[in-house]
2 protein chains.
Amino acid sequence: MARTTPQTHGEILAAAARRFAATGYRGTSLQDIATEVGCSKAAVLYHFAHKEAILTELMAPAIEVLRSLDSRIAGQPEPAAAQQVAAEGFVDLAVRFRSEIALLRGEYPELLQQPGFAHIQQISERLIDALAGRSERASDRITALVLLAGIAETCGQFADVSDRELGDALLALLRRALQPPTR
Amino acid sequence: MARTTPQTHGEILAAAARRFAATGYRGTSLQDIATEVGCSKAAVLYHFAHKEAILTELMAPAIEVLRSLDSRIAGQPEPAAAQQVAAEGFVDLAVRFRSEIALLRGEYPELLQQPGFAHIQQISERLIDALAGRSERASDRITALVLLAGIAETCGQFADVSDRELGDALLALLRRALQPPTR
DNA sequence: CACTAATCTGACCGATCGGTCAGCCTCTGA
DNA sequence: TCAGAGGCTGACCGATCGGTCAGATTAGTG
């Protein structure tokens with residue numbers, strides 16, 4: 001039967017977020033989402049053109065913040081300043097959107113190649129470059145990549161930690177781990 | 001036609017390693033592997049009981065080393081010593097088996113729940129505990145988990161870096177990032 | 001009332017997946 | 001020479017996937 005109120009769109013989004021977080025994007029079928037909402041799979045595809053569109057809409061706010069961080073970093077001519085902006089901005093992003101980031105669950109490589117996410121990869125590279133203090137040394141780039149990937153991969157697991165505490169811990173970790181760019 | 005030499009088993013393993021590294025475990029079908037080898041899908045399933053058996057055999061050496069590291073850590077009564085053993089052992093493991101670790105590519109959660117890998121999760125938890133200096137503080141556990149996940153997730157991407165250089169960089173990162181357990 | 005547009009359903013589609021099976025080669029040893 | 005074992009193939013299976021489609025139901029509007 002048709003819903004009395006047309007709020008199904010939002011319910012689908014919420015259900016998809018729960019399922020993606022539990023079993024990943026690829027591990028969640030449209031039928032899973034439909035079952036959780038209590039509607040048919042066809043209803044899900046009535047509200048969203050395809051499966052990827054659900055993910056795109058879920059990630060939109062986080063991507064918008066990531067974009068603005070990217071341009072803020074680009075505006076820093078000094079490597080040390082860019083590094084600090086990148087560290088603080090990324091930690092803030094990871095903490096605020098940890099549930100959104102978590103639901104990607106290691107499926108970045110495939111998902112980032114889809115048309116809607118092509119630019120994310122370039123932003124990530126610039127973020128790593130800034131975190132590495134714009135250094136070309138292998139050890140600096142390894143450090144930056146390990147920290148970025150580690151935070152992205154784990155931030156969703158600390159649901160029981162407050163934003164404040166998680167952010168402080170991550171920022172302190174970055175400060176300890178990142179070499180000052182000039183030395 | 002039948003192969004003149006029965007070396008197909010090894011060829012399948014090598015092909016599977018390449019495909020898993022390129023597109024992940026779930027992203028690789030038995031047909032993909034068969035095509036790369038140049039045999040039929042049925043031939044793959046003649047040499048391996050099921051798809052998971054290929055992965056199990058590929059990971060066996062790394063898992064064996066991980067196990068021995070786990071027991072070495074367990075034999076350290078002092079948190080500081082356990083932390084050092086865990087850091088050095090894990091870096092050595094990540095560097096030596098980086099290609100094997102890489103081919104899991106973020107599919108840990110699902111794969112570790114399969115029967116053949118059940119104990120890996122417990123070992124991981126003990127490893128994190130040791131890296132965190134056996135501390136209960138949230139910040140220590142966050143640090144340990146971020147570093148562990150970051151290294152596991154990225155070590156396969158540094159194919160152009162020598163074992164020595166990668167190991168030194170990772171170990172230096174761990175030393176900088178890990179708080180001394182007593183303070 | 002009639003008409004329209006939005007919402008939703010069940011049935012269906014083609015593709016792909018991991019896995020099974022009967023049987024065909026080829027080699028080896030008695 | 002021939003039986004048997006190891007190695008392998010093509011055809012096939014049931015399940016599941018994302019996605020399509022015609023039509024039913026509902027709510028709003030004149």
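How many salt bridges are counted between domain 1 of chain A and domain 2 of chain A?

Mentor: The count between domain 1 of chain A and domain 2 of chain A is zero, where a salt bridge is a side-chain nitrogen of Lys or Arg within 4 Å of a carboxyl oxygen of Asp or Glu. Please note that this is a predicted model, in which local features need pLDDT of at least 70 and side-chain atom pairs count only at pLDDT 80 or more, while totals for chains, interfaces and linings use all residues. Residues are numbered from 1 along each chain as its sequence is written, chains are lettered from A and ligands numbered from 1 in the order in which they are written, and side-chain values use heavy atoms, leaving out hydrogens and water.

In chain A, domain 1 spans 8-48 and domain 2 spans 52-177, bounds that come from an automatic or database domain assignment. Their C-alpha centres lie 26 Å apart. To the contact (heavy atoms within 4.5 Å), domain 1 of chain A gives 16 residues and domain 2 of chain A gives eleven.

Between the two domains of chain A, about 1200 Å² is buried, 67% of it from carbon and sulfur atoms; buried area is the accessible area (1.4 Å probe) that two parts lose on being put together, summed over both. On the side of domain 1, A:L13, A:F20 and A:Y25 lose the most area to domain 2 of chain A, together 47% of what that side buries.

Two residue pairs in polar contact, both at pLDDT 80 or more, are counted between these domains of chain A. A polar contact is a pair of N or O atoms within 3.5 Å; within protein, one must be able to donate a hydrogen and the other to accept it, and residues adjacent in sequence count only if both atoms are side-chain atoms.

As for the elements involved, α1 (8-23) and α2 (30-37) of chain A each give two or more residues to the side of domain 1 that touches domain 2; helices (H or I, at least four residues) and strands (E, at least two) are DSSP runs, numbered from the N terminus. The largest share of that side, eight residues, comes from α1(A). By class, the side of domain 1 of chain A has eleven nonpolar, four polar and one charged residues. Here Ala, Val, Leu, Ile, Met, Phe, Trp, Tyr, Cys and Pro count as nonpolar, Asp, Glu, Lys and Arg as charged, and the others, Gly among them, as polar.
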